[in-house]
Amino acid sequence: MRKFVDRTFVVLSLSATVIILSMLFLIIGNIAYHGTERLSWEFITSNPENGMTAGGIFPAIYGTVLLVLLMSLAAVPFGVLVAIYFAEYASAESRLYRWTRMAVNNLAGVPSIVFGLFGLGFFIQSIGKAIDQTFYPGRLLYAQPSILWAAMTMAVLTLPVVIITVEETLRAVPREYREASLALGATRLQTVFRVVLPQAWSGVMTGAILAISRGAGEVAPVLFTGAAYFLPRYPSHPVDQFMHLGYHIWVLTTQSTNVEATKPLLYSTVFVLLVLTFLLNITAILIRNRMRKWATR
Amino acid sequence: MGNSIKISVSNANFFYGTNQALHAVSVKIRPQFVTALIGPSGCGKSTFLRALNRMNDLIPGARLEGKIELDGENVYSDSMDVIQLRRRVGMIFQRSNPFPMSIYDNVAYGVRVNGLTKKRIELDEIVEKSLRAAALWDEIKDRLHRSAMSLSGGQQQRVCIARALAVEPEVLLMDEPASALDPISTAKIEELIYDLKRAYTIVIVTHNMQQAARVSDETGFFLTGRLVEFNETKRLFTAPTNRETEDYITGRFG
């Protein structure tokens, strides 16, 4: 009887694994099969045409990549600073640390649509408005949705994962190194930047990778903060709006006037988004491996 | 030098939170002497050592009562620059801890962070001088720019010693510097301590009583946070005045 229970459990867990794997293959296989049908160099490099029933998706690819890069530029340095404060300066028992740490953890659990609304209210209607009133009176530049504010909103969304990853890497750097540095008459700041952080680069990059994975696929945060339905131009200034692959998928799915004509485009767009996310991740992983080699040389 | 004093500790009580680790320790450490601190685990000898360059400051809730003076200057006064203090009082740790950088960068680290020189030639000279003083130069002079992590344990510990010497400290604190090393590396470190004594004041914590007897001029015996006996090494090991010291050095406990 015990043997039977034992066997049944193995079969049960194995079949659960198989079900999950087959679902993954089904999704990816389906998208790869239908997505590559219409996929061509032209599709990747041209503008949408005829009310999105023809043409390509280049503006959306461009916008997504630019968004992710801007987001990383904001989220990674800021996240590293917070992580340094947490790991190196804050006392683990202090109330300030416990509360801010709790806030960061909770931030990670906030639904992304809430970040979108926050971005609209905070960045566009407060900060953007203040910038316009102070520097560009009478003009509307920063107080409207743009790639800048979309990237900032996305950065706030991805900050917790950067902070948590980097903090853990910093804490994993042996105390002996800090002591050796301080015992030589280095300040804490010198110790952090010359000894601790160089050993945590791979963690910083891991944080960036996780941020990119999360950021490249999210649509809700950019919905109100900068993504455009259709734009024939590419964003060239921080206050320009931009097209976004995820948003474009939503547009193709729900706003099309000709479902049959849009369907192959939709498949290809989804395929491109998957490949793009994958490529962004691979790039970050390659950079991380490079840094690892360089750090332990 | 005669009877001059490098470090003077009077009536030092040390606390980790509410836990008292040192009880009324008073001792005078003489310049260009090797002072060994022996005693069983948890007796407070490492705490005492780390109190001398304020490394214990890093531990939350740690505090010292009493007085520690370096050349007559109160180490724990508000006007003491801890960064400067640690440059003057170097430290070698139990586990060799070279940074994961090249040998050169390891030795140059302290010089760079203290801004002692900006000139490459001077830095090269300091690195060579320090590695020579640590009896390592001849072994590694052809691979200065290789990672210090590629060296053997004994060599790594000597890199750490060279690194500490490069900032020209006055005092060297050694926290069981050879306890993780094989006998040959240990012998090299001991020889080195003997050589360094001419220029530095050395305080060494050790578990190894033979080592204390071999390298030191004066020895202190710690037990449960008290300095039980402090005397010339020869006298302490041959004619201890205290019963507990005698029991410890004859191997009856500890």
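Predicted model: local features only at pLDDT ≥ 70, side-chain atom pairs only at ≥ 80, totals over all residues.
Residues are numbered from 1 along each chain as its sequence is written, chains are lettered from A and ligands numbered from 1 in the order in which they are written, and side-chain values use heavy atoms, with hydrogens and water left out.

To the opening question, then. Helix α3 of chain B is mostly covered, with 9 of its 11 residues buried. Buried here means under 20% relative accessible area, exposed means over 50%, and partly exposed lies in between, using a 1.4 Å probe and protein chains only. Helices (H or I, at least four residues) and strands (E, at least two) are DSSP runs, numbered from the N terminus. The buried residues of α3(B) are Ile103(B), Tyr104(B), Asn106(B), Val107(B), Ala108(B), Tyr109(B), Gly110(B), Val111(B) and Val113(B). They pack against α4 (120–133), α5 (137–140) and α6 (153–165) of chain B, and also against α7 and α8 of chain A. Just after this helix, Gly115(B) takes a positive phi of about 60°.

Within α3(B), I would draw attention to Asn106(B). Asn106(B) counts as buried because its relative accessible area is 0%. A polar atom of its side chain lies 3.4 Å from the backbone oxygen of Met101(B). Setting aside residues up to four places away in sequence, Asn106(B) touches Pro98(B), Phe99(B), Met101(B), Ala148(B), Val159(B) and Arg163(B); contact means heavy atoms within 4.5 Å.

Let me turn to the interface between the two chains. Here 18 residues of chain A are in contact with 27 residues of chain B. The area buried between them is about 1,900 Å², and carbon and sulfur atoms give 61% of that figure. Buried area is the accessible area (1.4 Å probe) that two parts lose on being put together, summed over both. Glu179(A), Ala183(A) and Leu184(A) supply 31% of the area that chain A buries against chain B, more than any other three residues.

Which side chains meet in a salt bridge of 2.6 Å, N to O? They are those of Glu179(A) and Arg50(B). The count of salt bridges between chain A and chain B is 2, a salt bridge being a side-chain nitrogen of Lys or Arg within 4 Å of a carboxyl oxygen of Asp or Glu.

On the side of chain A that touches chain B, the elements giving two or more residues are α7 (175–183) and α8 (188–199) of chain A. Of these, α7(A) gives the most, with 7 residues.

Returning to chain B, Glu176(B) sits in the loop between β7 (171–175) and α7 (183–196). Glu176(B) is buried yet has no salt bridge, and the nearest side chain of opposite charge, Lys45(B), is 4.5 Å away. In that comparison Lys and Arg count as positive and Asp and Glu as negative, while His and the chain ends are not counted. Its contacts, not counting residues up to four places away in sequence, are Gln94(B), Val205(B), Thr206(B) and His207(B).

Two further residues of chain B deserve mention for their backbone. Most residues other than glycine have a negative phi. Asn11(B), in strand β1 (residues 7–16), has a positive phi near 50°. Ala24(B), in strand β2 (residues 19–29), has a positive phi near 45°. Asn11(B) counts as partly exposed because its relative accessibility is 44%, and Ala24(B) is partly exposed, with a relative accessible area of 44%.

Chain A has 12 helices and 2 strands, and buried residues make up 43% of its 297 residues. Its C-alpha trace spans about 80 × 70 × 40 Å along the principal axes. Of the contacts in chain A with a separation of 6 or more, 73% come from residues 24 or more positions apart.

Technical notes:
Polar contact = N/O pair within 3.5 Å; in protein donor to acceptor, adjacent residues only side chain to side chain.
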